[in-house]
Amino acid sequence: MKYWAYLAAKLVVWALLVAGMEWYIRNHFAHPLPYRYGNLHPFAVDLTYTFIVFGFWLISTGLLWGVIWDQRYRCRTCVRHLRMPITTGSWKYIILAPPRLEWICPFGHGTLKENELQLEGAKQRDWQPHEDYWKELVSLEETKK
């Protein structure tokens, strides 16, 4: 639940930022055109305004991509960044053991596995939640004492 709430909060912040940028562009760069052009919007007529709107579109799209990309590498339970990427598989044995990356939550909530090589098209990332493995490690230490 935290995972989706955090994504929603980031999207709301993104939308407010984009709306603020749009308001600023509209109020500071959209100059009224002379009457001879009629009631035209300056986007298609004023080259400076057109380039500013194009740059605004690129920046806002890039920010949205960054929000989504950042969310993909977060723990589904505690919303922290996943750490410690480990390469598994082999590039030599692509059919039997394809190369994969495994990311783990530092608090042991789960593992994210993703293919490095995609022969059959893009596959979904595989999130595997774990029980609290720190309890298991502590119990092993206690049995040794």
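1. Let's start with Phe54, which sits in helix H2; helices here are DSSP runs of H or I with at least four residues, strands are runs of E with at least two, and both are numbered from the N terminus. Phe54 is partly exposed at 47% relative accessibility. On this scale, buried means under 20% relative accessible area, exposed means over 50%, and partly exposed is in between, with a 1.4 Å probe and protein chains only. Phe54 and Phe43 are 11 residues apart in sequence, and their C-alpha atoms are 9.7 Å apart in space.

2. A word on what you're looking at: this is a predicted model, where local features need pLDDT of at least 70, side-chain atom pairs count only at pLDDT 80 or more, and totals for chains, interfaces and linings use all residues. Residues are numbered from 1 along each chain as its sequence is written, and side-chain values use heavy atoms, with hydrogens and water left out.

3. Now the overall layout. You can pick out 3 helices and 4 strands in the protein. Walking along from the N terminus, the order is α-α-β-β-β-β-α. The protein has 145 residues, and buried ones make up 20% of them. Its accessible surface comes to about 11100 Å², and 65% of that belongs to carbon and sulfur atoms. Those areas come from the Shrake-Rupley method with a 1.4 Å probe, and for residues only the protein chains shown count as cover.

4. A contact here means heavy atoms within 4.5 Å.

5. Next, look at the pair of helices H1 (residues 2-29) and H2: their axes come within 11 Å and cross at roughly 170°. That makes H1 roughly antiparallel to H2. The residues of this contact divide into 18 nonpolar, 2 polar and 5 charged. Axes are lines fitted to C-alpha atoms, for helices over the stretch in contact, and angles run from 0 to 180 degrees between N-to-C directions. Angles under 35 degrees count as roughly parallel, over 145 as roughly antiparallel, 65 to 115 as roughly perpendicular, and the rest as oblique. For residue classes, Ala, Val, Leu, Ile, Met, Phe, Trp, Tyr, Cys and Pro count as nonpolar, Asp, Glu, Lys and Arg as charged, and the others, Gly among them, as polar.

6. Which residues does Gln71 touch? Leaving out residues up to four places away in sequence, Gln71 touches Tyr3, Tyr6, Leu7, Lys10 and Arg76. Gln71 belongs to helix H2 (residues 47-72), and it is buried, with a relative accessible area of 3%.

7. On to the sheet. It is an open one of 4 strands in the order S1-S2-S3-S4, with antiparallel pairing. Strands S1 (83-88) and S4 (126-129) stand at the edges with a single partner strand each, so one side of each has no neighbour in the sheet. From one strand to the next, the twist averages 20°. Two strands count as paired if DSSP finds at least two bridges between them.

8. Strand S3 (residues 110-115) is mostly covered, since 5 of its 6 residues are buried. S3 pairs with S4 in the antiparallel sense over 4 bridges. Lys113 stands opposite Asp126 in S4, and Thr111 has Gln128 of S4 as its bridge partner.

9. S2 and S3 also run antiparallel, joined by 5 bridges, with Leu101 opposite Glu114 in S3. The two strands form a hairpin with 5 residues between them, and Gly108 in the turn has a positive phi of about 80°. Ile104 has its place in strand S2 (residues 100-104) and counts as partly exposed at 21% relative accessibility. The C-alpha atoms of Ile104 and Leu82 are separated by 5.4 Å, although the two residues are 22 apart along the chain.

10. Finally, check two backbone angles. Val79, in the loop between H2 and S1, has a phi near 65°, a positive value in a residue other than glycine. Met84, in strand S1, is not a glycine either, and its phi is positive at about 50°. Buried or exposed? Val79 is buried, with a relative accessible area of 11%, whereas Met84 is partly exposed at 49% relative accessibility.
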